[in-house]
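Subject: Structure for your review

Dear colleague,

Please find below the structure that I am handing over to you.

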Amino acid sequence: MPNVTVIPATRNLHTGVRNDAVAKRKTAGYARVSTDSEEQLTSYEAQVDYYTNYIKSRPEWEFVNVYTDEGISATDTRHRSGFNQMVQDALDGKIDLIVTKSVSRFARNTVDSLTTVRKLKEKGVEVYFQKENIYTLDSKGELLITIMSSLAQEESRSISENVTWGKRKRFADGKVSLAYSSFLGYRKGEDGQMEIVPEEAETVRLIYRLFMQGQTPYAIAKYLTDRNIPTPTGKETWRHRTVENILSNEKYKGDALLQKVYTTDFLSKKKKKNEGEVPQYYVEGNHEAIIPPAIFDNVQVLMQSRGRGSSRNRCVSIFSSKIRCGDCGSWYGSKVWHSNYKYRKVVWQCNHKFDGGEKCTTPHLDEETVRQLFIKAQNTINREKTRILAGFEEIRDTAFETGELEAEERQLNGEMNVAAELIQKCIGENARVAQNQGEYAKRYDALVGRFETAKARLEEVQAAITEKQAQRKMMENFMEVLRGLPEQVDYFDEAAWYAMVDFVTVYGKEDVRITFKNGMEISV
């Protein structure tokens with residue numbers, strides 16, 4: 001039998017350091033609290049002080065630093081700057097040992113926890129969890145880490161579900177919460193309820209007024225920026241999306257729609273627009289309105305009408321998509337001449353003037369010419385004011401009548417409800433009673449077809465109602481501006497341009513025709 005002699009290991013398996021070496025281990029502490037409340041801040045400061053003294057008191061350890069994250073949740077390590085810096089320093093060889101309170105302080109996400117521990121282990125860096133008394137380079141370390149991390153992750157899930165339940169209970173009770181710091185027009189009152197901020201409310205009313213006059217969200221954003229009116233978050237530059245959000249937020253008419261978004265994953269905190277996945281709650285008359293409900297509802301109708309299938313209403317200039325080429329029918333676009341000289345000039349010409357073989361013969365127009373042509377057209381239509389206004393009053397109630405459409409809308413809603421109930425009944429019967437699956441499929445498909453047919457027609461009817469309501473509002477705005485015109489117009493009014501002009505068609509230098517929103521075409 002061969003003689004076997006054991007040669008003992010002289011270096012640490014993971015660190016490579018000689019077992020008899022007396023070199024101190026470079027040690028760092030990690031402390032984190034998950035909220036920024038005053039009580040937790042006290043805990044946070046205490047943790048930093050504790051780890052500093054604790055590491056320095058150990059003769060075999062050399063103090064490096066205490067890394068911290070304040071007011072940050074542990075469910076995801078991507079946004080924890082202190083944690084990430086500590087890991088990077090450890091991988092760079094600046095740290096041999098990390099001391100932290102517990103697995104739940106390190107990470108509540110099993111994947112992140114194990115990934116980080118293994119990454120550190122490959123570089124010989126150990127983590128010591130005091131509460132669980134776990135050293136990760138120990139043979140039992142990884143198994144214990146896996147178990148403890150999973151428990152911590154389930155604890156996070158439970159907390160998240162409890163918080164979500166609490167929020168939804170508040171929603172169901174009609175309790176409204178608001179991010180006041182980024183919401184224009186309201187602040188939190190002494191009683192905890194929404195309170196109007198007068199100067200901000202004026203900005204909101206201005207936005208609605210400009211939109212009702214025919215201006216686009218782009219044009220309104222430019223108008224507000226040019227006048228140095230601050231955005232909801234206090235910035236100088238307005239975006240059209242911000243304007244659109246203000247125009248569509250029901251809180252400005254005193255109501256509140258709750259749970260517009262929801263959290264899809266408690267780990268990533270990713271949010272998604274609620275499209276029917278979870279319940280929503282609509283609270284009417286929750287607080288004092290800035291915008292009268294009737295005006296708010298009219299604006300929603302106009303937004304739907306303007307937004308359908310056309311880019312005309314998403315324009316930057318007041319002349320964008322308003323001037324049409326009489327040759328090819330395309331819209332005029334702006335061009336800058338002599339951009340680097342004092343003779344700089346903005347002109348409008350057909351966007352397809354030089355496309356293809358045949359070039360459009362329509363001339364360009366400068367902006368001052370367009371303004372003067374509009375003034376002339378206003379004075380022409382002004383002479384017909386009395387007749388136009390009287391004609392509108394005669395047809396107002398009949399031309400935009402939606403009674404029959406609304407009756408059909410109610411009938412279709414009823415048909416859809418009946419079809420839906422029959423579908424549920426059909427499915428329930430098939431689950432309880434054995435039946436021919438071929439016949440069941442035919443009956444089920446027929447009921448689904450009945451539902452889809454009613455739904456498709458309902459969408460058409462609702463679109464027709466919206467169109468008629470938008471046309472009525474547009475004509476009312478037009479008539480209101482026409483009624484207020486002075487006897488002789490001698491200056492360009494941007495609000496009147498938006499409210500009155502549908503488009504301008506250019507056929508030649510001496511043949512430009514303005515089509516007003518009431519259908520009248522005037523050659524100027």
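This is a predicted model: local features need pLDDT of at least 70, side-chain atom pairs count only at pLDDT 80 or more; totals for chains, interfaces and linings use all residues.

The protein has 524 residues, of which 40% count as buried. Its secondary structure amounts to 14 helices and 18 strands. Among contacts with a separation of 6 or more, 62% are between residues 24 or more positions apart. The accessible surface is about 30,100 Å², and carbon and sulfur atoms contribute 50% of that area.

Helix H11 covers residues 385–399. Its 15 residues, at 1.5 Å a residue, should span 21 Å, and the 20 Å between its end C-alpha atoms agrees with this. An α-helix has 3.6 residues a turn, so residues three or four places apart point the same way.

The structure contains 18 aromatic pairs. One of them joins Phe392 and Phe400 in a tilted arrangement, 6.4 Å centre to centre with 50° between the planes. Both Phe392 and Phe400 are buried. Phe492 and Trp497 also form a tilted pair, because their planes lie at 50°, with the ring centres 6.0 Å apart. Trp497 has 0% relative accessibility and therefore counts as buried. Phe492 and Trp497 belong to one aromatic cluster with Phe319, Trp348 and Phe374.

Finally, two charged ends sit over rings: that of Lys56 lies 5.1 Å from the ring centre of Phe63, and that of Arg58 lies 4.2 Å from the ring centre of Trp61.

Yours sincerely

Conventions:
Residues are numbered from 1 along each chain as its sequence is written. Side-chain values use heavy atoms; hydrogens and water are left out. Helices (H or I, at least four residues) and strands (E, at least two) are DSSP runs, numbered from the N terminus. The expected span of a helix is 1.5 Å times one less than its number of residues. Buried means under 20% relative accessible area, exposed over 50%, partly exposed in between (1.4 Å probe, protein chains only). Contact means heavy atoms within 4.5 Å. Accessible areas come from the Shrake-Rupley method with a 1.4 Å probe; for residues, only the protein chains shown count as cover. Rings of Phe, Tyr and Trp (its six-membered ring) pair if their centres lie within 6.5 Å; planes under 30 degrees apart count as stacked, over 60 as edge-to-face and the rest as tilted. A charge sits over a ring if NZ of Lys or CZ of Arg is within 6 Å of the ring centre and within 35 degrees of the ring normal.
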